[in-house]
Amino acid sequence: MRAILDIILLILQIYWWVVLAMIVMSWLISFNVINTRNQFVASVWRILNQLTEPVLRPIRQVVPSFSGLDISPIILFLILFFIERIILYYIYPNVF
């Protein structure tokens, strides 16, 4: 059972990095540092959006945007952190 919990924790950490990469890439695209007409950049951006958008869309529907600022990734980080802490503090120690 601990192996399954370790895999879940690893998936949560990988997803955290995917969301962080999406945030950084969106900033780079917004400030014209990278060009989305580049095929590699466009494909990475599409993959990151396909991985993060299904989770971020419901958060965006609930939370209003603050003058164009999207805080849904921050809320997603808090949710991921909360799930990880629940697993580490309450579920993991009770599994034999």
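Biologist: Not counting residues up to four places away in sequence, which residues does Ile91 touch?

Modeller: First, a word on conventions: this is a predicted model, where local features need pLDDT of at least 70, side-chain atom pairs count only at pLDDT 80 or more, and totals for chains, interfaces and linings use all residues. Residues are numbered from 1 along each chain as its sequence is written, and side-chain values use heavy atoms, with hydrogens and water left out. Ile91 lies in helix H3 (helices are DSSP runs of H or I with at least four residues, strands are runs of E with at least two, and both are numbered from the N terminus). With contact taken as heavy atoms within 4.5 Å, Ile91 touches Leu5 and Ile86.

Biologist: How far apart in space are Ile91 and Met1, C-alpha to C-alpha?

Modeller: At 35% relative accessibility, Ile91 is partly exposed (under 20% relative accessible area is buried, over 50% exposed, and partly exposed is in between, using a 1.4 Å probe and protein chains only). Ile91 and Met1 are 90 residues apart in sequence. In space, their C-alpha atoms are separated by 10 Å.

Biologist: Is Thr52 buried or exposed, and what is its relative accessible area?

Modeller: Thr52 belongs to helix H2. Leaving aside neighbours within four places in sequence, its contacts are Tyr15, Val18, Val19 and Met22. Thr52 counts as buried, because its relative accessible area is 0%.

Biologist: And Glu84, which residues is it in contact with beyond its neighbours within four places in sequence?

Modeller: Glu84 is a helix H3 residue. With a relative accessible area of 15%, this glutamate is buried. Beyond those sequence neighbours, Glu84 is in contact with Leu9, Leu12 and Gln13.

Biologist: Now the aromatic rings: how many aromatic pairs are there, and which residues form one cluster?

Modeller: Rings of Phe, Tyr and Trp (its six-membered ring) pair if their centres lie within 6.5 Å; planes under 30 degrees apart are stacked, over 60 edge-to-face, and the rest tilted. By this rule there are two aromatic pairs. One of them is Trp16 with Trp17, an edge-to-face pair at 4.9 Å centre to centre and 85 degrees between the planes. One aromatic cluster is formed by Trp16, Trp17 and Phe77.

Biologist: Why is the pair of Trp16 and Phe77 called tilted, and how many residues apart in sequence are the parts it ties together?

Modeller: The ring centres of Trp16 and Phe77 are 5.2 Å apart and the planes meet at 40 degrees, so the pair is tilted. Phe77 is buried, with a relative accessible area of 18%, whereas Trp16 is partly exposed at 32%. Trp16 is in helix H1 and Phe77 in helix H3, so the pair ties together parts whose separation in sequence is 61 residues.

Biologist: What is the volume of the largest pocket, and which residues are the closest to its centre?

Modeller: On a 1 Å grid over the protein atoms alone, a cavity is a set of points where a 1.4 Å probe fits but cannot get out, while a pocket is an open set with protein on both sides within 12 Å along at least five of seven lines; lining residues have an atom within 4 Å of a point. Points are joined across faces, edges and corners, and a volume is the space filled by probe spheres set on them. The largest pocket has a volume of about 260 Å³. Of its 14 lining residues, the closest to the centre are Ile23, Ser26, Trp27, Asp70 and Pro73.

Biologist: Staying with Ile23, how far is its C-alpha atom from that of Ile74?

Modeller: Ile23 lies in helix H1 and is buried at 13% relative accessibility. Not counting residues up to four places away in sequence, Ile23 touches Pro73 and Phe77. Ile23 and Ile74 are 51 residues apart along the chain, and their C-alpha atoms are separated by 9.9 Å.
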